[in-house]
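Please consult the sequence and structure shown here while reading.

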Amino acid sequence: MSFRKKLSSFLMLQKMQYLSDQQGIIRRYMREKEGWDLHLENSKRFILESSKSKIKGKVLVLGSGWLLDCPIDELSRDYKEVILADINHPKQIIKKTKHLANVQFIKDDLTGGLIEFIYRNIKPGKKYLLNSFITEIKSFSYAIPDDIDFVISLNILSQLSIIISDYLKTMSLFSQNELNEISAVINQSHTISLPKNKTCLICDFEEELFDEDDKLIGVNPLIFSNLPLGNFSEKWKWKFDSSMTYRDEIKTFFNVSATDL
Ligand SMILES: C[S@@+](CC[C@H](N)C(=O)[O-])C[C@H]1O[C@@H](n2cnc3c(N)ncnc32)[C@H](O)[C@@H]1O
């Protein structure tokens, strides 16, 4: 990639908050380690359970990020090739996995190019008709290569839509209901691209909000399309933000679903 292209991609990801969001994940993990560890351990354990029935050729991890929730050593030991896919790979992670010869990184937009489409085409002040916008974005999807034996969609499904929806929100072009419809298209495009009997899908699907006295004050969906049924599944809670920095005076916990598809 030329220097110009690299710079333009960096500016796009910065403007759309992809880079700050990824930095935010590691900072929050350090603050909230106690509440996060159970979720991270559950994710790793479920992946290894799902992995048992898969051919040990190529494994593709979607949304690998900081690998907090990924049993990378075991995947590297068990599979011929481990491919880590994310819109950005932290330098520290590339360095940390250097000793694992069968691990490779790919920098891809896992919405299939919707990030750039929105960045280049959607401008504040213009009028957009929801139906034609929805028709347009339905054509974006990420193609998972046929030769992948195991796909792990790793706590990324809600992120695929939330970051785009938050970016669109800053331009006040769509109502909240319209943003939810847009999110549903993005979420569904991801889940239908996941190959049957070859996938482990882990995602936060709902948030619970608690006040300082731990009284439940609200529940919001994080995924706007139906989650696929699989061969086996589990649910657990992720104590995402107990220190009330994500929302003022509110604790935010996620309900997480893990499915062997
Ligand atoms: C909540 S994190 C998942 C946790 C991650 N496994 C970790 O340990 O950091 C979501 C990850 O998805 C990535 N991401 C979000 N939207 C993306 C997109 N459209 N394409 C590729 N990666 C994306 C982010 O960069 C981030 O690393």
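The sections below treat the model, the overall fold, the nonpolar core and the ligand shell.

## Basis of the model

Residues carry numbers counted from 1 along each chain as its sequence is written. The model is predicted: local features need pLDDT of at least 70, side-chain atom pairs count only at pLDDT 80 or more, and totals for chains, interfaces and linings use all residues.

## Overall fold

The chain contains 9 helices and 8 strands, taken as DSSP runs (helices H or I, at least four residues; strands E, at least two) and numbered from the N terminus. Its radius of gyration is 18 Å, close to the 18 Å that the globule rule gives for 261 residues, so the chain is as compact as a globular protein of that length; the radius is taken over C-alpha atoms, and the rule is 2.2 Å times the number of residues to the power 0.38. The C-alpha trace spans about 50 × 50 × 35 Å along its principal axes.

## Nonpolar core

Of the 261 residues, 31% count as buried, meaning that 20 or more other C-beta atoms, placed from the backbone, lie within 10 Å of the residue's own. The largest nonpolar core has 50 residues, and V59, V61, L62, I152 and I202 have the most contacts inside it. Such a core is a set of buried Ala, Val, Leu, Ile, Met, Phe, Trp, Tyr and Cys residues joined through C-beta atoms within 7 Å.

## Ligand shell

The ligand is surrounded by 24 residues, the closest being G65, W66, L68, I87 and L110; a residue is included if its C-beta atom, placed from the backbone, lies within 6 Å. Helices α2 (18-31) and α8 (157-169) each supply at least two residues of this shell.

Definitions and conventions
A residue is buried if 20 or more other C-beta atoms lie within 10 Å of its own, exposed if 12 or fewer, and partly exposed in between; C-beta atoms are placed from the backbone.
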